[in-house]
Amino acid sequence: MRPTPMAEPIALAVRDLAVRFEMEQGNVHALEGVSFDLRAGRTLGIVGESGCGKSVTARSILRIIDRPGRITGGRILLDPGTPQEVDLAALDPESARMRAVRGGRVGLIFQEPMTALSVHYTVGNQIIEAVRQHSDISKAEARNRAIELLREVGIPRPETRIDAYPFELSGGLRQRVGIAMALAGDPDILIADEPTTALDVTTQAQILALLRRLQAEKRIALMLITHDMGVIAEMTDEVAVMYLGRVVEYAPVAALFAAPRHPYTRALLRAVPSVLAAPRQRLATIGGAVPHPGARPAGCAFHPRCAEVIPGRCTAEMPPAIPPGIAGASCFLDVPA
Amino acid sequence: MNVLEVSELRKHYPIRAGLLRREVGRVRAVDGVSFHIAAGETLALVGESGCGKTTVSRCILRALRATSGEIRFAPEDGRVVELVGLPKRQLRPLRRHMQMIFQDPYSSLNPRMMVGDIIAEPLKVNGVPAAERQARVLELLDLVQMPASARSRFPHAFSGGQRQRIGIARALALQPRLVVADEPVSALDVSVQAQIINLLLDLQDRLRLSMLFVAHDLGVVRHVSDRVAVMYVGRIVEVAPTATLYRTPRHPYTEALLAAVPAPDPARRGRQLAVLGEVADPANPPPGCAFHPRCPYAVERCRIERPELTEVTPGRWTSCHRARELELAGVG
């Protein structure tokens, strides 16, 4: 870990963010009071299983949540505490301001790069368009910038690859193009949503190395969303563990693995298959499955699966949320350090 | 006693071009693969996408017709059948001895059938009387730790992990000699994945299952397999007992694969290494050893001469010219 963890300025502060999907079958509370900080030059890992709200968090920041989802509470503060502070949650998603933030201040890397790329245009056309959306330069200049971006993300022979169509590239090269697209507007915040989940393990290692290098060079505030505890251990400085729309634990990465404080984190870490396992070693399991976010258990949402549940308390009361930036667990058993 | 012996298996796809659709090349999806599975043993077939591991499993199940090679299968003690050249009619009675567990528990179960009928279907097809079927379904549900009440419900009522249990119960209904599992836990959440891994371990112990476990996740494979075969561009590059392979790999590709896995331990941070380049194209594999363009240890010979899979120590096979001189790094 890098020293001086808290000295870096906060680039983005999320406070009590709530997102609801209003559907015929009832309301789904996708996020219920999520708070965290993204700091320049540091990586925040967001980890959790399906339905925990990690992708909704990313999409809310960029104001691109799918209908019928909408932000029903909380703030998303860009440059908090500075004269430029702006609450993205209060902006019109279609406004010029929000469009400038999207890609210009906050870049997004998708799990499947084809989400961000069109099959009908060359890689170059798409990056050039993205570059020109965020700066007033000529087409020729933008083309040079696109080649430079492709080189920066490690694409060999960028001068020729710029005229390739996405389908002509391998999965690994496509994800590099996806990263180049995310960097086109020169953002200082990057959100990577499962950026290596669709890739093979050797390609994953290459993409993670690339993200590490870019982050260090550009002092980017990186939010890395993953379900993979290996990727968390390898890449992040701080970690937010999410379960059913809430941050249940927040900790520096070493502390999270050495002394997890939430029963869910403890159980999750013991359930991860490991390349270091003994032959035929059984895993610790968590009973049941993640409930559907529309059928959220009362009290602490983890209580039906929790080995340490306090009857009458966890079943009825929601444990308090963790104050942003402070290590802890949202659990009645957690004693603040 | 081996349940399965595969030798020199090839599956080539012709590349055709021009007006006469002449064959101008071949995709060598599987190019000379040999291995065996002993009774009660789980062999994992691992590798990255496009390495041919799924093609091998599909050839064994005869979902694909192999181009050449032999697949010898022992449906019962003392009887061995060669599957590659076997006429379809003679194949049908063998199917019950060879069952499959699928990756996606959502698409592999018929949504319009009740769970009890899904599990009973293979029994019905094979002429098991109705009364016996009922008892067997209950036994199977119990085996995969599902309540008896599940039999009168439809798949949509169940989570991904529960559906995978149902798929496993169906696969085990006829007490097959061989189970082929293709990425059976890769679509599941970590907490559910652990339950299914433990279930597979229990079933291996209780039923002495023989299993071909096709997977890309080296963590999962370390837990469930007795031996591992690593594939690269249509060929097996290394086979060894699981713990041995992870601790002391003898092929540079195995070393690269293991080094690329991020370990769930921040104290090991920075040890993750990225091998250069990309997987070779099976339509146009490099000459010599297919891994040589990415191999940090490649010498002139590797560029010219293709290494054969040879036994370096008893039970350990590798196809690397430098296997005996290299000191490669493993994990754990």
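Predicted model: local features only at pLDDT ≥ 70, side-chain atom pairs only at ≥ 80, totals over all residues.
**Stop 1: chain B as a whole**

Of the 332 residues in chain B, 55% are buried.

**Stop 2: a charged patch on chain B**

Stay with chain B and switch to a surface view. Select B:Arg65, B:Lys88, B:Arg89, B:Arg92 and B:Arg95, which gather there in a patch of positive charge. Now pick out B:Lys88 from this group. In the cartoon, B:Lys88 belongs to helix α2, residues 88-91 of chain B. Is B:Lys88 buried or exposed? B:Lys88 has a relative accessible area of 65%, so it is exposed.

**Stop 3: chain A as a whole**

For 337 residues, a compact globule would have a radius of gyration near 20 Å, and the 21 Å of chain A agrees with that. The box filled by the C-alpha atoms of chain A is roughly 65 × 50 × 45 Å along the principal axes. As for burial, 56% of the 337 residues of chain A count as buried.

**Stop 4: the loop between α1 and β4**

Go to the loop of chain A that runs between α1 (54-61) and β4 (69-78), where A:Pro68 lies. The peptide bond from A:Arg67 to A:Pro68 is cis, with omega near 0°.

In that loop between α1 and β4 you'll also find A:Arg63. Look at its backbone: A:Arg63 has a positive phi of about 60°, although it is not a glycine. Its relative accessibility is 16%, so A:Arg63 counts as buried.

**Stop 5: another positive phi**

Move along chain A to the loop between β7 (189-193) and α7 (201-218), and select A:Glu194. What is the phi of A:Glu194? The angle is positive, about 50°, although A:Glu194 is not a glycine. This residue is buried, with a relative accessible area of 8%.

**Stop 6**

Next, select A:Ala182 in helix α6, residues 171-183 of chain A. With a relative accessibility of 5%, A:Ala182 counts as buried.

**Stop 6: salt bridges in chain A**

Time for side chains. Over all chains, a search of the whole structure finds 41 salt bridges. Begin with A:Glu159 and A:Arg151, a bridged pair whose closest N and O atoms are 2.7 Å apart. Both ends count as partly exposed, A:Glu159 at 42% relative accessibility and A:Arg151 at 46%.

Then try A:Glu317 and A:Arg313, another salt bridge, with 3.5 Å between the closest N and O atoms. A:Glu317 is partly exposed, with a relative accessible area of 40%, and A:Arg313 is partly exposed too, at 36%.

Elsewhere, salt bridges that share partners join A:Arg280, A:Arg282, B:Asp202, B:Asp205 and B:Asp226 into one network.

**Stop 7: a bridge between the chains**

Show both chains again. Which residue of chain A does B:Asp205 form a salt bridge with? The partner is A:Arg282, and the closest N and O atoms are 3.1 Å apart. This pair crosses between chains: B:Asp205 sits in helix α6 (residues 190-207) of chain B, and A:Arg282 in the loop between α10 (263-271) and β11 (328-329) of chain A. B:Asp205 counts as partly exposed at 47% relative accessibility, as does A:Arg282 at 34%.

Definitions and conventions:
Residues numbered from 1 in each chain as written. Chains lettered and ligands numbered in written order. Heavy atoms only, no water. Patch = residues over 30% accessible without salt bridge, like charges linked within 9 Å, V, L, I, M, F, W, Y side chains within 5 Å. Areas by Shrake-Rupley, 256 points an atom, 1.4 Å probe, with all protein chains shown as cover. Salt bridge = Lys/Arg side-chain N within 4 Å of Asp/Glu carboxyl O. Lys, Arg positive; Asp, Glu negative; His and termini not counted. Charge placed at Lys NZ, Arg CZ, Asp CG, Glu CD. Helix = DSSP H or I, 4+ residues; strand = E, 2+ residues; numbered from the N terminus. Buried < 20%, exposed > 50% of the residue type's maximum accessible area, 1.4 Å probe, protein only. Rg over C-alpha atoms; globule rule 2.2 N^0.38 Å.
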